Amino acid sequence: MKLTKEQENRIEELIREMTLEEKVGQMNLPSISIVGGFNIPFSEMIEMMHDGRLTKEQVSEMMKDSHQDYQEDDIRAGRIGAMMVTDASVVNRLQEIALKESRRGIPLLIGLDVIHGFYSVYPIALAEACSFDEELFEQTAAMAARESRSAGVNWHFAPMLDIARDARWGRCSEGPGEDPYLASVFAAAKIRGLQGNTDSYENYVAACVKHFAGYGACEGGRDYNTTAIPGHLMYNVYLAPFEAAVKSGAVTAMAAFNDLNGTPCTVNRKLLRETLKERFGMNGFVVSDANAIRECVVHGAAENDADAGIKAVTAGMDMDMNTAIYLDHLAQAVNEGKVGMDIVDDAVRRILRVKMWLGLFDDPYIKAETVERYKALPDENRALTRRAAEESIVLLKNDNDILPLKPGQKISLVGALADMPADTVGAWAASFRKEDLVSVRQGFENGGAEFKYFACGEPEEELNYDEIQEACAYGDVIVAVVGEKTAMSGEASSRSDITLPGEQRKLLEELSACGKPVVAVLMNGRALALGWEAENIPAVVEAWHLGIETGNAVYSILSGRVMPQGKLSVSIPRVTGQCPVYYNHPNTGRPASRSKFTSKYIDLPNGALYPFGYGLTYTSFEYAGFEATVGDDAVTCTVTVKNTGSRKGTETVQFYSRDVAASIVRPVKELKAFKKVQLDPGEEAAVSVSIGLDRLGFYDNDGEYRLEDGTFLFYAGGDSENCLSAEKYIAF
Ligand code: BGC
């Protein structure tokens, strides 16, 4: 984020003029408050819903007579720096109050969780990462930036960059998977997409990378749980995508809820001030997660609210989301000398910079024609959303070439999820319009499939056996859509058993029993444990939660109009008890072998059911002639890939390395590069990448980067397990 000298001067002038209270106001992002209908704060209502004191239905009933209180008097009084609103006319009114009626005329940041699209909801990040398509990552982010800005939202609480290796954690869905390199490519591209096109204020927003840091390592995959991460893993794995995002220009970050090695991230100076701001050089600001400053008291890391506020601001937390602790306690803490004015000024300077960079001081208003532009979804946005959905689908299994579906085949489309569009769109999608959603059933209709639909019971309820019989009788082939509803992944949706929920496995069993070929289309927000399905169902398609174009994308892949090309961004386990399972683990002194006394389970083979990077298509590829050549600055890896099947297809060629012996045990494989290649039947191509020697090092426990001479293995392949290899000695 670069500002002109003039802009920097204007910020300094403001800081000189502002009262302490006004400064603290800038550091406040209040909780949404609702008026009418009931008289409890919104945050408490959410809590009551969470702990079961209120049902969803009761809440909807209460909400009928209520409306959001936009806290206009507080904006006027300069007590609010940012808000969460999604309505252009409201935003215009609030910005006008902030600019014209508050003493300093400082505009508002308007934040929202735009995690995978605004109107054009595209696949969840875990799915989109399976496209291994850097350009796509950038384009979808740019689309989300423009759409949301047309509704007044200028700050995205995204991208979510938590490396997640334990699929029990519900928030796996929000991030780009288990691998730090793929996640870093994703991170940098998302920042370019959200922030890169600064030609017009309508084109960009401020990104907020989250959750800083280590949230994905929550013990047992239980949301909000404690994390213990040694330095080398922190730097090499969990921080890597954040560093890439900051290098790509990310202007804000959100601290994570969890405690990291004993200190909640919210009050973790080493993380916020020393790593994010000083080491990575982020010159924007850090916001807390919702309510997180108060939760430091519950963690047992602060005596009371005031103490939590002092600890947070000292650690480098610039903005308080939802608790009003800064508003209530910070000025007093400064007056009593417990917090230096320089700390407050630094926070305010960072916040004002972002506002200035977004152009909000010049023109924070949304034009009527901009709102109009998105009254209906632009065709190109729908097309991009569809492409993203198609590229995200991963073909896991396809015995006897059941797929693609054959022309003239009668299809029994089974499963309630096939007809529940809003339930398969994925977590954190709220701004889509109902009429834009395409269910799988609708997609089959749009595609002209010859099919009949049979729900056969709700996903988590009893099966309808009569309908199962009918489905078995009708089709030449059965397509069963099974998986998780939207609410089964995302925040606060950890699961201790990650097999198909409810009766859905039973449904697959019943369908298989009728002797017709069965295709399982999985819709889910995490890697599911698929041991049974892999053994018993001949064709399995991982469709994740794909957003509004779900149905069209699923049908284009099943029908073969579009070739599948997705590769897994996470390892898929056989059973839940295998979690965490990920390809880039360190070696043990006793790697699994036939000997009993090796690192394994006595009742399960080691390794993922489907490893990271895996994915089939309707043709096949052969790898040969792998070479690694060490040059002065880089290793050049070249492999020949041949399309040995009968259809034109795209393969994502992956290159891995392994540092065989080092002062810290290194992973058995690490992704270093990937490249897509499209080949006609029988065609072959040499695919080559260059891996800088400086990328063959690693961080030690103190965060020092080390390049150590020694033997390295290089690999090339179509997934993280099946690779060709070459050994080289490298002296740096
Ligand atoms: C989530 C964040 C989100 C915030 C604001 C929290 O509960 O952890 O990811 O940005 O709410 O909606």
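This is a predicted model: local features need pLDDT of at least 70, side-chain atom pairs count only at pLDDT 80 or more; totals for chains, interfaces and linings use all residues.

Reader: How many cavities of 30 Å³ or more turn up in the whole structure?

Author: Seven, from a search of the whole structure.

Reader: What volume does the largest cavity have?

Author: About 100 Å³.

Reader: Which residues lie nearest its centre?

Author: Ile115, Tyr122, Ala158, Pro159 and Lys190. They belong to a lining of 15 residues.

Reader: And which elements give two or more residues to that lining?

Author: Three helices do: H7 (125-128), H8 (134-149) and H9 (180-195).

Reader: Which one has the largest share?

Author: H9, with three residues of the lining.

Reader: What about the classes of residue in the lining of the largest cavity?

Author: Eleven are nonpolar. Three are charged, and one is polar.

Reader: OK, next one. How much space lies in the second largest cavity?

Author: About 80 Å³.

Reader: Which residues are closest to the centre of that one?

Author: Arg165, Ala167, Ala527, Val570 and Ser571. The lining of the second largest cavity has 14 residues.

Reader: How do those divide by class?

Author: Nine nonpolar, four charged and one polar.

Reader: Where does the second largest cavity lie relative to the domains?

Author: Between domain 1 (31-71 + 111-337) and domain 2 (376-578).

Reader: Why do you place it there?

Author: Because both domains give residues to its lining.

Methods
Residues are numbered from 1 along each chain as its sequence is written. Side-chain values use heavy atoms; hydrogens and water are left out. On a 1 Å grid over the protein atoms alone, a cavity is a set of points where a 1.4 Å probe fits but cannot get out, and a pocket is an open set with protein on both sides within 12 Å along at least five of seven lines; lining residues have an atom within 4 Å of a point. Grid points are joined across faces, edges and corners, and a volume is the space filled by probe spheres set on the points. Helices (H or I, at least four residues) and strands (E, at least two) are DSSP runs, numbered from the N terminus. Ala, Val, Leu, Ile, Met, Phe, Trp, Tyr, Cys and Pro count as nonpolar, Asp, Glu, Lys and Arg as charged, and the others, Gly among them, as polar. Domain bounds come from an automatic or database domain assignment.
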